[in-house]
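Colleague: I'm new to looking at protein models. Could you walk me through how to read one?

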Amino acid sequence: MPFLLHASRLARTSYVSRPFFFHHAFSTVTRQTARKGGNRGHKQRLMSKLDGAMDEDDTDVEFMSIKQRREEQKTYSIFRKVALYRLDDLLRTHNWSTKATEYMALGVASQMDFDREIKQFRQSISKACDLAAEKGAVSRTDNPLFWSLRHAFVTADLPGLITELRYGLQCFLMRSKFPSSILATHQAIADMRYPYEWFPATRALQRTVHLHVGPTNSGKTYNALQALLNAKTGIYAGPLRLLAHEVYTRFLAKGKSCALLTGEEQRIPKDVDVYYRSCTVEMAPVNTVVDVAVIDEIQMIGDNERGWAWTQAFLGVQAKELHLCGEERAVELIQSLCATIGDKCIVHRYERLSPLNTMDKSLGSNLGNLEKGDAVVSFSRVDIHSLKKAIEEKTGKRCAIVYGSLPPETRAQQAALFNDPNNNYDFLAASDAIGMGLNLEIKRVVFDATHKRDGNGYRQMTVSEVKQIGGRAGRFRTANQAIQSSGDETTQPIPNPGGLVTAFQKEDLAVIQEAFNSQPQPIETAGLQPPTSAIERLSTYFPPNTPLSFILVRLRDIARLSSRYHLCHLKEMLQIADLIQPFPMSIYDRCVFLNAPVALRDPMGSQVLQSFAQCVSRMEGGDLLDIREVELELLNVNLAEPKARNSDFLRRLEALHKSITLYLWLSYRFSGVFRSQNLAFYVKGLIESRINQLLSGINRSELKRQKRLESIRKRAQTQQRVRERLLGETSEVEDEAPQGEVIEHVGDWNQEGHEEPLYEDPEQLKEITRPGSEPKKSAEQ
């Protein structure tokens, strides 16, 4: 029986020439060979050879040499061996003796049946690779199994291949278990072509949508917030917790009753029935009728991970007047969606209120070239704190720090110190969170780097990211000014002479200049996430012990979408679903965990998640002090002790902070189980204080830091170049870019709070020292 593995999150491939795919498939050999050798330099040389080979070959398939054909067949043969070898690895932990219950839920009755199915699945993999080699069938239509395995390997490396093999096997086992009538019911459940019908009460309203679009520092958000302030009731929904807190603070300063709603914190006004709500987009209420609602950064509706939250807010918020703020590239999509749902759409376009230019020269890695009003942007807290210390030592001036995970009061204090021209705080070390709208008096933005870490390594920043962050230079008006003008709502912003953007390295400056001379592509689709009701309904057609991860994959694969929507990545959802599978609970409760801020890569991350899931399963045992996996004993360690100066201690302390954040998040959803909310807030504050104390004392060799950044820059550029040349415009998954285009996104805002990583790479922690642990200075230091 032919095996068709559908994977909508994988790349769309309508046609790929044999010479093109030869080089594409060769990348898998490159990866495998590099791992066997265990030598990064060897891997880079292989990548370079691959890149050079692609430069030399632009010939048509008819002129492909016999040697190339043989090499192509050899490549497919190696890939088949890699896939089968990884399948064997998978079956060592997912065999009949360890996963019999799971396989029985998928219709396998005995060890004998399981062995027979595995044999057939192995044959399907071999036949798929043979079909690619002999017929050149490599597209999703012609050879879906080969296509899905290959794409999973290219985009997510060996872990991605193993994951796809696992879910591919599950689909294979279920391939003939449903009659056509049941399959039709499944498809009806997975029909998500009309998501606006999920909000019937909102559809009964006649809404007017005001779309405010323009570059950074153009006044679009200012005008939208003015409309909100002038209304009797309203909602602000932003992408970051820090922005929700900033608007919340602003409204309180103006004497307005306001609630703060984020995933891990809710502040509700007491003794007041009518109040404003400032929240993260995921928390935007859709069951409350208000006069005005503001949804910030609407271009995030096209994001592949969080876009569903903007779609849900846009389609579901019951506001008579809805104000959307964002980039020009979202206009066509929003107009189309408004026309579909019958809302009136008015577009307000803005021009930047102060000039912005990129500089012709970089700062040459010389901190002495910094000037008063400069903001240096980096992507991890370790880098931010080490930059702060290095800047202060080099210039003799003070440097403020601002990043999303700072306590709100501390962040406001640091911003006020930097904004005040009459003190000694001349510089700012900040994260990319400032790109999402934090109002600061920045004269010049200096990029420490233009590459950042994602789930599969390092990547170049997108055009939108560079523009969004760089555009914060030359701000027209700060939040502090807005608060001070509370007595006069007609006060107009005070103009300034403009801003500049540059970088420490000339290579990064070239990336910045190219980005500012480019336009990101229009957003063509809005993100969707399968509603819990659909997951619950589909699960009723499977035995009780069926893995939730399989149900999610099944729903993803058969989902029907209109041309204006895409399914967001399941990302860690499948892994979370598998980790909590052993604990009995309802599908609804399992779905709650799927969107929780889980840090699976951290020490004890998986164990903490499972301990919390066990508490929900038992509906007891959720007192914070009773959960052994939460390493509260770290708070007893004296920071002067040697083990506190170990880099691993800082990692564990950060992991503990994330565990407490997850506890707080769950405490609002399972309040009867996780009852130590007040204690958790107190512990969270202690951890933050300890982390900041440790970070404030770190020392790093600036030369070593620059060498590390240079190494990462080269790796990111190589990955970018090889990916573009191997995958071209089809590199993105189908639901990312339905028309074969790469959808730009603004920042790696993978959580509603966007807490910057403590570090981008564990190697960063090995480079730092602290007072009392510094090695003797070497010549290079």
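Colleague: Let's start with helix α14: how far apart are its end C-alpha atoms?

Modeller: Helix α14 covers residues 408-419, and its end C-alpha atoms are 16 Å apart. Helices here are DSSP runs of H or I with at least four residues, strands are runs of E with at least two, and both are numbered from the N terminus. One caution: this is a predicted model, where local features need pLDDT of at least 70 and side-chain atom pairs count only at pLDDT 80 or more, while totals for chains, interfaces and linings use all residues. Residues are numbered from 1 along each chain as its sequence is written, and side-chain values use heavy atoms, with hydrogens and water left out.

Colleague: Which residues of α14 are buried?

Modeller: First the general idea: an α-helix has 3.6 residues a turn, so residues three or four places apart point the same way. In α14, the buried ones are Arg-411, Gln-414, Ala-415, Phe-418 and Asn-419 (buried is under 20% relative accessible area, exposed over 50%, partly exposed in between, with a 1.4 Å probe and protein chains only). They sit on the same side of α14, because they cover an arc of only 135° around the axis (taken from the directions from the helix axis to the C-beta atoms). They pack against α10, β10, β11 and β12, where contact means heavy atoms within 4.5 Å.

Colleague: And at what angle do α18 and α19 pack?

Modeller: Two packed helices are described by the angle between their axes and the distance between the axes. For α18 (residues 532-539) and α19 (residues 548-558), that's about 110° and 10 Å. So α18 is roughly perpendicular to α19 (65 to 115 degrees; under 35 is roughly parallel, over 145 roughly antiparallel, the rest oblique). The axes are lines fitted to C-alpha atoms over the stretch in contact, and angles run from 0 to 180 degrees between N-to-C directions.

Colleague: Which residues meet there?

Modeller: From α18, Ala-534, Ile-535, Leu-538 and Ser-539 meet Leu-548, Ile-551, Leu-552, Arg-554 and Leu-555 of α19.

Colleague: What about Thr-546: buried or exposed?

Modeller: Thr-546 lies in the loop between α18 and α19, and its relative accessible area is 5%, so it's buried. Leaving out residues up to four places away in sequence, Thr-546 touches Ala-105, Leu-106, Ile-551 and Gln-581. Ala-105 is itself one of the buried residues of α4.

Key: Expected span 1.5 Å × (residues − 1).
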